[in-house]
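This report covers a strand arrangement, the helices packed on it, and contacts that involve aromatic rings.

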Amino acid sequence: MRPSAGLLARWAGRRPHLLLVPVPGYPQLRLGVEAATSALGGVLAATPADADLLVVAGDPVPELSDAIEVAWRELPGPRARLHVDQAGGLHRLLGRAVESLSAASQRDDATGRRDEWSAGRDDAGDQEMGMPGGLPMADRAADRDGLPLDVLHVPLGPVLADWPAGLVVDTVLQGDLVQQAEGRVLRAHDAASPSQFWNAGTAHTRAGALDSLGRFLAVAGWGSAAAEARALRDALLDAAEITDEVADVEQRLGRLGRRLLRSRTLRLVGDGLGRTDGGDVTARWRAWLDAAGSGTYNDAAVSAGDRLVQACRLMVGLDVGQARLVLASFDPDPDRAELPAQRDRAGSAS
């Protein structure tokens with residue numbers, strides 16, 4: 001039995017699912033929206049189809065705005081959108097957006113879009129059928145065995161969960177294998193320096209490493225560990241503003257580190273994947289963990305742009321899931337400037 005429109009609106013209001021679109025140069029806004037979402041009892045959505053709220057953090061350039069509009073059209077009702085450009089009052093603004101999910105105007109909006117939510121419509125199938133998942137029509141090309149396979153030109157990002165702000169990786173896919181990958185960044189009009197926030201002090205540097213580690217763990221499918229890494233990130237930033245006493249954070253970080261290092265599954269998904277002279281996926285996430293504890297990085301730092309080039313090169317030949325893991329292990333976030341040290345298989349820094 002299909003839930004009523006009123007029931008869906010109440011569900012959305014109790015536990016809103018928020019699709020967050022961060023813009024490069026505004027890491028504070030992204031962190032603030034994440035914190036406000038948690039305080040309201042909400043969660044971050046994995047896809048537009050899973051979202052009730054669409055929140056843009058920062059001032060997007062036109063191409064990013066176009067991608068946001070595409071995502072907005074994919075949100076089912078009840079839905080609301082919000083653009084934030086300053087950190088103040090985020091809890092209040094999100095609260096108002098959540099309240100709007102139960103407004104009478106939601107039914108009119110859904111009816112105008114022929115959204116089945118509006119009145120339990122059964123005639124939605126009369127609409128012209130589009131491509132599955134909104135993917136473009138495939139071309140044909142020969143694979144390595146000479147057999148003709150569909151070729152899809154698919155951009156990964158910029159509106160994608162657990163994805164660096166404003167990043168687009170233009171890929172060519174045959175089946176689920178990446179044949180080509182090239183990255184680019186949709187920067188904001190007036191974005192601050194990429195390293196300004198995360199390099200504000202040791203606590204910020206450590207928090208930045210936890211931010212990268214949390215993104216990798218989320219992509220790897222370990223949601224609880226990702227949530228703990230992000231909670232520690234926020235705790236470090238709060239401690240830097242309030243007090244130098246971070247003993248509790250240190251203990252929790254130690255427990256998280258032991259939990260990750262003991263995980264056979266995490267080693268299985270990362271060992272040998274995306275290998276460079278400096279190490280593989282496992283080496284890189286361990287480097288983020290080390291940097292979270294020490295606040296220091298290898299002196300042979302690599303720019304975010306170079307990391308993106310290297311990650312895209314290593315994505316070729318992998319399936320999409322593995323490719324995302326490789327990219328997340330590098331974390332070419334436009335709001336960061338350094339790459340942590342990489343470890344060889346024995347665990348020593350290289």
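## Strand pairing

In S4, Ala80 is the bridge partner of Leu53. Strand S3 (residues 53–57) and S4 run parallel and are joined by five bridges. Helices (H or I, at least four residues) and strands (E, at least two) are DSSP runs, numbered from the N terminus; two strands pair if DSSP finds at least two bridges between them.

The open sheet has four strands in the order S2-S1-S3-S4, with parallel pairing. Strand S2 (43–44) and strand S4 (80–84) are at the edges with a single partner strand each, so one side of each has no neighbour in the sheet.

## Basis of the model

This is a predicted model: local features need pLDDT of at least 70, side-chain atom pairs count only at pLDDT 80 or more, and totals for chains, interfaces and linings use all residues. Residues are numbered from 1 along each chain as its sequence is written, and side-chain values use heavy atoms, with hydrogens and water left out.

## Helices on the sheet

Helix H2 (residues 27–39) lies across strand S1 (17–22), S2, S3 and S4, at about 175° to S1. Helix H3 (residues 62–74) lies across S1, S3 and S4, at about 155° to S4. Contact means heavy atoms within 4.5 Å; axes are lines fitted to C-alpha atoms, for helices over the stretch in contact, and angles run from 0 to 180 degrees between N-to-C directions.

## Charges over rings

The charged end of Arg81 sits over the ring of Trp72, 4.9 Å from its centre. Arg284 lies over the face of Phe330, 3.9 Å from the ring centre. The criterion is NZ of Lys or CZ of Arg within 6 Å of the ring centre and within 35 degrees of the ring normal.
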